[in-house]
Amino acid sequence: RFLENAIVEFNYNSEIFIYNKKEALNNLIIDKISSHVCNKLFKANLFDNIKFPIGKKYEDLLTTFKLIEKCSKVVETKSELYGYLIRSESITENLSVQSLENYIDAVNQRYQYFMKKYPDMKKNIMLGRFNYIFTYYLKVSNSCIKDLMFFEKLNEEYKFLKKNIKKLGIKNYLKGDSTKNKILKIVLLISNRLFYKLMILKRGINENK
């Protein structure tokens with residue numbers, strides 16, 4: 001990942017990881033393997049009967065897991081072979097009510113699908129959704145669009161987090177995160193409004209440096 005006008009350096013690493021279908025899906029759920037299609041190579045026949053939804057943003061969230069389901073093996077390399085340019089006008093960087101709605105809908109459709117088909121993976125499926133809820137709030141606070149903070153679907157996601165956190169356990173919710181993200185996740189659990197104010201304050205401090 002790099003910003004416009006940055007000097008890009010690619011790092012090569014001979015280390016690879018080989019997963020069977022179930023392992024790959026499990027890693028996808030917890031975002032150890034991302035849903036992005038731009039950093040993957042697929043056999044063309046995997047796309048037989050699978051198409052990206054038309055007119056939807058974050059369409060890879062609704063597609064990548066279906067492709068992995070058709071695989072017997074997934075291979076991951078730690079080499080940096082693809083550059084992801086972050087443009088200021090990118091839809092993934094500029095959030096709107098419509099794009100946030102598409103984002104939440106895509107995550108929830110995938111969540112419902114996994115919960116129905118892979119109940120034995122429930123713990124990680126819940127964790128994956130919780131992490132996306134945390135990501136929603138990061139994106140909303142970075143967008144500085146206050147109306148998004150009170151978007152109905154976002155509030156529904158927050159209620160889901162508060163209602164179900166005990167089922168997963170806070171330790172699992174915080175597991176593997178940096179100290180910074182652990183603190184932010186705890187603040188979010190206390191109050192989504194407090195989280196938003198803290199992120200806006202943090203943003204203002206960084207901009208004034």
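Select Ser141 to begin; this residue lies in helix H4. Helices are DSSP runs of H or I with at least four residues, strands are runs of E with at least two, and both are numbered from the N terminus. The model is a predicted one, in which local features need pLDDT of at least 70 and side-chain atom pairs count only at pLDDT 80 or more, while totals for chains, interfaces and linings use all residues. Residues are numbered from 1 along each chain as its sequence is written, and side-chain values use heavy atoms, with hydrogens and water left out.

**Stop 1: around Ser141**

Is Ser141 buried or exposed? Ser141 has a relative accessible area of 1%, so it is buried. Buried means under 20% relative accessible area, exposed means over 50%, and partly exposed lies in between (1.4 Å probe, protein chains only). Now show the side chain of Ser141, which reaches the backbone oxygen of Leu138 at 2.9 Å. Next, display Phe195, Tyr196, Met199 and Ile200: Ser141 is in contact with these residues, leaving aside its neighbours within four places in sequence. Contact means heavy atoms within 4.5 Å.

**Stop 2**

Two packed helices are described by the angle between their axes and the distance between the axes.

**Stop 3: Leu100**

Move to Leu100, in helix H3. With 0% relative accessibility, Leu100 counts as buried. Show its contacts, again leaving aside neighbours within four places in sequence: Leu95, Tyr136, Val140, Leu148, Phe151 and Leu154. The C-alpha atom of Leu100 is separated by 9.0 Å from that of Lys139, although the two residues are 39 residues apart along the chain.

**Stop 4: salt bridges**

Side chains of opposite charge can pair when their charged atoms come close. How many salt bridges does a search of the whole structure find? The search finds 7, where a salt bridge is a side-chain nitrogen of Lys or Arg within 4 Å of a carboxyl oxygen of Asp or Glu.

Select Asp120 and Lys22: they form a salt bridge, and their closest N and O atoms are 2.9 Å apart. The pair links distant parts of the chain, with Asp120 in the loop between helix H3 (97-117) and helix H4 (122-143) and Lys22 in helix H1 (residues 21-29), 98 residues apart. Asp120 is exposed at 59% relative accessibility, whereas Lys22 is partly exposed at 36%.

Then select Lys117 and Glu69, whose side chains meet in a salt bridge at 3.2 Å, N to O. Lys117 is in helix H3 and Glu69 in helix H2 (residues 64-69), 48 residues apart. Glu69 is buried, with a relative accessible area of 14%, and Lys117 is partly exposed at 47%.

End with Glu101 and Lys153, which form a salt bridge at 3.5 Å, N to O.

Terms used: Polar contact = N/O pair within 3.5 Å; in protein donor to acceptor, adjacent residues only side chain to side chain.
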